[in-house]
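Subject: Structure for your review

Hello,

Here is the structure we talked about, with the sequence alongside. Please open it first; my notes follow below.

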Amino acid sequence: MLSIEQRLSVYPRLRFMGSKHRLGARLGEVFAALPPGPALDAFSGSGVVSYVLKASGRPVVANDHLTFAAALTEALVANDATQLTAQDVDAICSGNRDGRDFIATTFAGLYFPDADHAFLDAAWSHVDTLAPAKHALAIGALCLAAAWKQPRGVFTVTTPRYDDGRRHLRMPLEALFREAAEAFNRAVFAGASPCESRCGEALEIDDDFAVAYLDPPYAPPRDDTCYIKRYHFLEGLATYWRGQEIMWETRTRKLRKRHTPFASKRTVRPALDDLFERFRDAAIVVSYGSNAALEVTELEALLRRHKPRVERIEIPHRYAFGTHASASRRLAREYVLIGA
Ligand SMILES: C[S@@+](CC[C@H](N)C(=O)[O-])C[C@H]1O[C@@H](n2cnc3c(N)ncnc32)[C@H](O)[C@@H]1O
């Protein structure tokens with residue numbers, strides 16, 4: 001059986017705000033010391049922690065309210081065996097089946113060259129015909145390719161102001177998609193127990209778990225943690241913008257913000273209280289970064305209301321991500337609270 005580190009080394013690396021990719025092995029050790037049984041990753045994001053939990057043999061429910069995040073865990077956590085064949089990938093890259101052009105017309109002159117937008121429309125005309133696991137793998141690979149080609153992986157800018165010289169920025173999206181599809185295929189493995197991917201509200205989950213891993217977006221002192229602002233293009237791409245509300249007045253063709261009580265200083269406390277109460281019968285593992293408006297001591301006190309024994313682990317962590325170049329180099333502290 002491969003180690004957690006070996007598994008982690010093949011997990012596709014999406015630059016996702018708050019990703020715990022680098023803490024994956026440490027979190028694996030934390031989970032290994034907790035009672036066996038089903039695990040929940042209620043805010044799965046990049047999916048990497050769900051993947052670590054799957055690698056440990058537990059049955060896992062991965063949940064996130066973003067569709068593209070759920071596609072990642074559908075492809076690599078819930079899916080045990082299906083891969084995209086060379087024929088599948090060639091078919092997705094074989095041209096437009098039905099002449100659709102929503103992406104080409106909506107985003108002309110914005111994120112990518114016209115040929116890339118046309119490729120995404122054409123690819124989607126095939127993706128629409130795929131069975132669920134292949135569909136999720138294709139969506140995951142399209143999102144990864146688009147994120148690779150976008151400076152800093154975020155869609156808040158439409159000009160290449162932040163060109164960091166990466167070869168990805170100059171490659172056609174089709175070539176990037178082919179690379180990304182290989183990366184997804186490499187990461188598919190059969191877990192020891194069945195796993196599930198969900199797209200929904202964390203505060204509405206009401207199953208029983210042995211372990212609940214909670215990594216909500218804490219409001220920082222300045223700026224915000226709006227995932228839709230940064231990743232609206234990936235969320236749109238995961239759905240072909242169906243059921244999404246584009247704010248046409250915005251230059252970047254943003255989607256309407258997704259409400260979450262965790263990201264606002266006003267509602268974060270009652271929301272966390274509700275969350276901890278909901279999973280009080282499980283071992284609760286909470287991630288927390290030191291650049292949040294809420295102090296870790298306060299978070300710990302909130303958790304103690306529901307779990308009398310709380311242990312705090314501190315992990316120095318260099319943030320890969322920030323709004324400014326300086327922020328991206330800042331050394332922050334990452335905490336893990338374990339309520340047994
Ligand atoms: C800090 S990130 C999680 C990062 C993840 N642990 C990883 O390693 O990539 C927070 C995630 O919570 C999701 N989210 C925010 N509010 C939510 C809610 N109320 N219900 C479900 N998901 C939510 C966001 O979409 C985002 O993906």
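**Helix packing**

Helices α8 and α9 pack at an angle of about 125°, with their axes 8 Å apart. This is a predicted model: local features need pLDDT of at least 70 and side-chain atom pairs count only at pLDDT 80 or more, while totals for chains, interfaces and linings use all residues. Residues are numbered from 1 along each chain as its sequence is written, and side-chain values use heavy atoms, with hydrogens and water left out.

Some terms for this part. Helices (H or I, at least four residues) and strands (E, at least two) are DSSP runs numbered from the N terminus. Axes are lines fitted to C-alpha atoms, for helices over the stretch in contact, and angles run from 0 to 180 degrees between N-to-C directions. Angles under 35 degrees count as roughly parallel, over 145 as roughly antiparallel, 65 to 115 as roughly perpendicular and the rest as oblique.

α8 and α9 are therefore oblique to each other. On the α8 side, the residues in contact (heavy atoms within 4.5 Å) include Leu137, Ala141, Leu144 and Trp148; on the α9 side they include Leu173, Phe177 and Phe184. By class, this contact has 14 nonpolar, one polar and two charged residues. Here Ala, Val, Leu, Ile, Met, Phe, Trp, Tyr, Cys and Pro count as nonpolar, Asp, Glu, Lys and Arg as charged, and the others, Gly among them, as polar.

Helix α8 (residues 132-149) also packs with helix α10 (residues 227-239), at an angle of about 150° and with the axes 10 Å apart. α8 and α10 are therefore roughly antiparallel to each other, and their crossing is right-handed. Ile139, Leu142, Cys143, Ala146 and Ala147 in α8 meet Phe233, Leu234, Leu237 and Ala238 in α10. That contact has nine nonpolar, no polar and no charged residues.

**Aromatic residues**

The structure holds 25 aromatic pairs. Rings of Phe, Tyr and Trp (its six-membered ring) pair if their centres lie within 6.5 Å; planes under 30 degrees apart count as stacked, over 60 as edge-to-face and the rest as tilted. Phe107 and Tyr111 form a tilted pair, 6.0 Å centre to centre with 45° between the planes. Tyr111 and Phe155 form an edge-to-face pair, at 5.3 Å and 75°. Tyr111 lies in the loop between α6 (102-106) and α7 (114-127) and Phe155 in the loop between α8 and α9 (173-187), so this pair ties together parts that are 44 residues apart in sequence.

Tyr111 counts as buried at 8% relative accessibility, and Phe155 at 0%. Buried means under 20% relative accessible area, exposed over 50% and partly exposed in between (1.4 Å probe, protein chains only). Both residues belong to one aromatic cluster, which also includes Trp124, Phe233 and Trp241.

**Other residues**

His232 is found in helix α10 and, at 0% relative accessibility, counts as buried. Not counting residues up to four places away in sequence, the residues His232 touches include Tyr111, Phe155, Thr252 and Arg253.

Ser9, in helix α1 (residues 4-9), is exposed, with a relative accessible area of 58%. The C-alpha atoms of Ser9 and Asp114 are separated by 34 Å.

Regards

Key
A crossing is left-handed if the near helix is turned anticlockwise from the far one by less than a right angle, and right-handed if clockwise.
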